[in-house]
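Please look over the sequence and the model shown here before reading on. The paragraphs after it move from the whole chain to single residues.

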Amino acid sequence: MKLTLLIIKTLFVALLFVCVGTVNVAFSQSGILDSYIEEGFRNNLVLQQKNVSLDKATLALKEAKSLYLPNIDVQGSYTTATGGRSIQLPLGDLMNPVYATLNQLTQSNNFPFLENQSIDFLPKNYYDVHVRASVPILNTDLSFNKQINAQQIALKDFEVTIYKQELIKNIKHAYYNYLKAQKALSIYRSALDLAEESKRVNERLLAAGKGLPAYVLRSNSEIEQVEAELTQATQNVENSRLYFNALLNRNQAAVIDTLYNADLALSAAKQLLVTATDVSDREEIKSLEKLVDIHENLISMNKKFSVPKVNGFIDLGSQAEDLRFNKQSRYAMLGVQMNMPLFNGNRNRFKIQQSMLDLKDSQLNLEWSKNQLTLSAQVAQNNLRSVYKKYESSLKQLESASAYQRLIDKGYKAGTHTYIETIDARNQLTAARLSSLVNKYQVLTAAADLEREISKPKTSL
């Protein structure tokens, strides 16, 4: 009994370790592509530019909010002038007779005579310096500007997200192309091994007097052909590596991690075949809807052109001639300013009509875009369904080609099949391997396209 319990515990622990290991491997494989996508987000220069535009829109909103706060300014002026209009004050003519009579009565000179005065309208050595605090009391434009700037931030954010979605798709395409090129290189290397093995068999048969020199020559020709294809495959690997690294804006010689389980990704891609092609979550749709809201706000703002704009202000300062500063020069002034348009040639009416046409245009563009994106999503799903069926068919063809090549090779060694049949069998096997490889990564590429069309969250397909 104790022995049985011990065996059960041992098996349970072993199973637990296997499950944990499998999960870790799957997580590692699924995280490879995600890590490259995050690296693309960090390094892509165009995405950095769009983030700068988003930051600028955020600052514009803060600026719009700050317009509600008081403005405090120091304003000053200094003027001096000669000539110009003046006012005559006949003080001497008016007061001197009176002062003369008073001096006679008092037998004194306590009342000196005055001269007539001339005061210029333009001041000399006159200054006015004050601190003005002004604040908007009623201004509907400020409220609408704040709303529009907030909507502009949303537009810029959608623009960043749209580019990220495109970048995700492009990174996946580039990564799948690199993996496909690597696998194709392995297939051609395997084909070269088969061709070289066939040459060795033909050389042994010729040495034993059972073969023909033509078969050896044909083997050499087959090897040359496979080597040429191998060279092209090597170049494809290099080109796809360069493009992938350039897309991530990193060193062109950087190594690309190929520890990626495409079979797990295929099962995830298969789920997309039954996913609804709903484009309502597309950032392009949300962006156009936000643009419609902006035009509606612009119409509302333009319709309120007749609402008066009221500002309040207070001035604390000093003004005097000859740069005097004293109790008489200092002053405080409180005021309210109002601006209410009465007529401006119907320009505001024309502006409202233009805004309404802009709104109609954006609404039509939104409807057209919904139709186009829905069609594009359906086409992408149909394309995925088609390439997935092709992939399943290529797997069956590969199975048949493998079995056929083994039988022909065995029969050739037994002398029941010709060498031409062995070449044909190897070519069929190589073609079937390449077909299944191409179709596998076409499925993943089509899945990435569909994922982009329905704005599904980023996964490691």
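The model is a predicted one, and its secondary structure consists of nine helices and six strands. The radius of gyration of the protein is 44 Å, whereas a compact globule of 461 residues would have a value near 23 Å. When contacts between residues at least 6 apart in sequence are considered, 84% of them join residues at least 24 apart. As for charge, the protein carries 53 positive and 46 negative side chains, and the centres of these two sets lie 5 Å apart.

The interior can be approached through its nonpolar residues. In soluble globular proteins, nonpolar side chains tend to be buried together. In this model the largest nonpolar core holds 66 residues, and the members that touch the most other members are Ile171, Tyr175, Phe244, Leu384 and Val443. At least two residues of this core come from each of several helices, including helix 1 (2–43), helix 2 (45–66), helix 4 (140–207), helix 5 (213–247), helix 8 (347–414) and helix 9 (419–453). The largest share, 18 residues, is supplied by helix 4. Leu384 gives a local view of this packing: leaving out residues up to four places away in sequence, Leu384 touches Ala269, Leu272, Leu273, Val443, Ala446, Ala447 and Leu450.

Apart from its neighbours within four places in sequence, Lys440 is in contact with Ala262, Asp263, Leu266 and Tyr391.

Glu197 is found in helix 4 and is partly exposed, with a relative accessible area of 30%; Glu197 and Ser219 are 22 residues apart in sequence, and their C-alpha atoms are 9.3 Å apart in space. Thr234 has its place in helix 5 and also counts as partly exposed, at 40% relative accessibility; Thr234 and Leu298 are 64 residues apart in sequence, with 59 Å between their C-alpha atoms.

The last stop is the backbone of two loops. Asn125 lies in the loop between strand 3 (117–120) and strand 4 (126–138), and its phi is near 50°, a positive value in a residue other than glycine. Asn125 is partly exposed, with a relative accessible area of 30%. Asn249 is found in the loop between helix 5 and helix 6, where its phi, near 55°, is again positive in a residue other than glycine. With a relative accessible area of 39%, Asn249 counts as partly exposed, because this value lies between the 20% limit for buried and the 50% limit for exposed residues.

Technical notes. Residues are numbered from 1 along each chain as its sequence is written. This is a predicted model: local features need pLDDT of at least 70, side-chain atom pairs count only at pLDDT 80 or more; totals for chains, interfaces and linings use all residues. Side-chain values use heavy atoms; hydrogens and water are left out. Helices (H or I, at least four residues) and strands (E, at least two) are DSSP runs, numbered from the N terminus. The radius of gyration is taken over C-alpha atoms; the globule rule is 2.2 Å times the number of residues to the power 0.38. Contact means heavy atoms within 4.5 Å. Lys and Arg count as positive and Asp and Glu as negative; His and the chain ends are not counted. The place of a charge is taken as NZ of Lys, CZ of Arg, CG of Asp or CD of Glu. A nonpolar core is a set of buried Ala, Val, Leu, Ile, Met, Phe, Trp, Tyr and Cys residues joined through side-chain atoms within 4.5 Å. Buried means under 20% relative accessible area, exposed over 50%, partly exposed in between (1.4 Å probe, protein chains only).
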